[in-house]
Every structure is written in C-alpha cells, then in structure tokens.
Amino acid sequence: MTRISLYPLAACMALAVALPGLAKAQYRDFHNLELQFGFKNFKVDHGNFFFSHDTLLPDTSGVSARHDIGSPNSISLLSLGFETQLPHGIFLSTKAEVNVRGPLGGGFQIGAGYRFRLNYFMRIQPEILLSWGILYDTLGAVSYFPSPLTLSGIRFWEGAEITAIYRGQQYGFQPRMTFVADFAPKWEFRFTMMWQVALAYNQAVVLSGPIGPVQTGRVAIPFRQPYMLTAFEGAALDKALYRPSGLSARVGIAFKVVK
C-alpha cells in the first residue's frame, strides 16, 4: 500500500491560512519617498526670435537682439516626490523635478490620487496634480545703448557684453498614472505615465552682464511689459516659445516609510 505523506497537505493548509494575513500586511498604508528618472516633451517652433525694449524714463535706453531658437524637443529629468497616505486609499502627493539634459529648468507639482490594490504586491495609482514649471535657454549677446547701460536700477559696466536668456514659466495641471510593484518589504518599483496641460504662461528675457570686478547683474524683462516688442519669423509673437506637450514617462523606485 502506498503511504501518502500529510506534510504537503499540512503545508498547503498553513499557507492558505497565512496568505490573508500576508496580503493584509502588504496593504498597510505608507508614506512614500519616490525617486524617478524620465523625459518630458516640449513643442518648440524652430525659427528666428526678435525682441526689442526701449525706454525714455527714468533713463533713455534700448536693448535688442535677434537669435535662432530650437532646443531639443525632449528633456531628460530627475524627479523626487513624497506621498502621504490617507484612509480609504487616498493619498496627497508633492513632486519636484530638475532637468538633467537639455535646457536648464525644473518644476513643482502638488495634488492627490487614489491607490488601487490589484493584488498582494501590485498597485495602480491615478492622480491629478497642479503644476508649475520653468525653463531657461541662452539666446546670446544683445545690442544696447547707451554704454554703460542702466535698467531697473542695475548699472552694467561700460562696454560690457550683455547676454540674453529666455525664461519661460508654465502653470497648469498633470493627470498621471503610476504602476507600482513591491519587490522588498520597504521598496517599490514604479513606472509613471503623465500628460502635461499648460493653462498659463509667463515669459521673459533675462539680461545678464558684469556690474563689478566679480559681480554679475541680472534684469528680467517680461514679454508683457510696456515698451517690450517680441516677434517670431517677422510676425508678432502670439504663443509661448517653449510649450510642454504630450506624454511624459518616468521610471524609478520608492521607499516606504511605515505610518
């Protein structure tokens, strides 16, 4: 007669009893510290950008430049975030990012989401965040008069080379979807897809040049400021030069800090 061992049956019964407890343990709420690397798409109209700023008071002055623009349409970035879990799967999130390839810049987002538990180790997190972003791109040297030039109380050195930097800020929101997988007791793997929606823009030219032996002065001239004229390819500028666009993806990890 063949003997049937009871050990496998006992082990299966013990595992069946323990699984609900293990799954419940996985479902504990956490504060999550997130680190991700990814890319962000921008729409850039390649062409010739012109600006001119002339004033009579308090000092007569004029600044103008014409430069070709067209930075890479995709920007690599590093993102750091923190999520605070609330009851019933809801969480509040704060994110910050900095560009690591492409034009200088970064961003900040704040919002909320919901954490769906697909099984004992996988999650899916839809969220919506209010967003702010900033981007800098060097335009080059400008022509100006008189020398020395005085703007907004800043007096540049006589004969100094003054350069122009484009500064664009975007205000809007970002819908996101994050796929989460636990791979260690306190670590998660994360893949995020997001869409960027900009509702308002604040553009300016920042003039930079020496004001002393080791000092550099900067003056920001917003596009909407009086006496400021902007044009693109010979026509009046009617939209932002750099506009966040389309899908952005990120991948990284999160560290779980237990409540």
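## Cavities

On a 1 Å grid over the protein atoms alone, a cavity is a set of points where a 1.4 Å probe fits but cannot get out, and its volume is the space filled by probe spheres set on the points, which are joined across faces, edges and corners. This is a predicted model, in which local features need pLDDT of at least 70 and side-chain atom pairs count only at pLDDT 80 or more, while totals for chains, interfaces and linings use all residues. Residues are numbered from 1 along each chain as its sequence is written, and side-chain values use heavy atoms, with hydrogens and water left out.

The model holds three cavities of 30 Å³ or more, and the largest cavity contains about 110 Å³ of space. Its lining (residues with an atom within 4 Å of a point) has 17 residues, of which Ser131, Gly133, Gln170, Gln174 and Pro244 are the closest to the centre. Strands here are DSSP runs of E with at least two residues, numbered from the N terminus; those that give two or more residues to the lining of the largest cavity are strand 6 (104-114), strand 8, strand 12 and strand 14. Strand 12 gives the most to this lining, with five residues.

## Strand pairing

Two strands pair if DSSP finds at least two bridges between them. Strand 19 (residues 247-258) pairs with strand 1 (residues 30-44) in the antiparallel sense over 10 bridges, and within this pairing leucine 33 has phenylalanine 255 as its bridge partner in strand 19. Strand 19 is also joined to strand 13 (residues 187-195), again running antiparallel, by nine bridges, with glutamate 188 partnered by alanine 254.

Elsewhere, five strands form an open sheet in the order 9-3-2-16-17, with antiparallel pairing. Strand 9 (143-145) and strand 17 (235-236) stand at the edges with a single partner strand each, so one side of each is left without a neighbour in the sheet. Strand 16 and strand 17 are joined by two bridges, and alanine 231 stands opposite alanine 236 in strand 17.

## The nonpolar core

A nonpolar core is a set of buried Ala, Val, Leu, Ile, Met, Phe, Trp, Tyr and Cys residues joined through side-chain atoms within 4.5 Å, where buried means under 20% relative accessible area (1.4 Å probe, protein chains only). The largest core has 26 residues, and Phe49, Phe51, Val142, Leu207, Leu241 and Tyr242 touch the most other members. Its largest share, three residues, comes from strand 3.

Leucine 241 is found in the loop between strand 17 and strand 18 (242-244) and is buried, with a relative accessible area of 4%. Leaving aside neighbours within four places in sequence, its contacts (heavy atoms within 4.5 Å) include Phe49, Tyr166, Phe223 and Phe232.

## Aromatic pairs

Rings of Phe, Tyr and Trp (its six-membered ring) pair if their centres lie within 6.5 Å, with planes under 30 degrees apart counted as stacked, over 60 as edge-to-face and the rest as tilted. By this rule there are six aromatic pairs. One of them joins phenylalanine 49 and phenylalanine 223, which are stacked at 5.8 Å centre to centre with 20° between the planes. This pair links distant parts of the chain, 174 residues apart: phenylalanine 49 lies in strand 2 (residues 47-55), and phenylalanine 223 in the loop between strand 15 (216-222) and strand 16 (228-232).

Both phenylalanine 49 and phenylalanine 223 are buried, and they belong to one aromatic cluster formed by Phe49, Phe51, Tyr166, Phe223 and Tyr242.

Key:
Helix = DSSP H or I, 4+ residues; strand = E, 2+ residues; numbered from the N terminus. Buried < 20%, exposed > 50% of the residue type's maximum accessible area, 1.4 Å probe, protein only. 1 Å grid on protein atoms, 1.4 Å probe; cavity = no way out; pocket = protein on both sides within 12 Å on 5 of 7 lines; lining within 4 Å.
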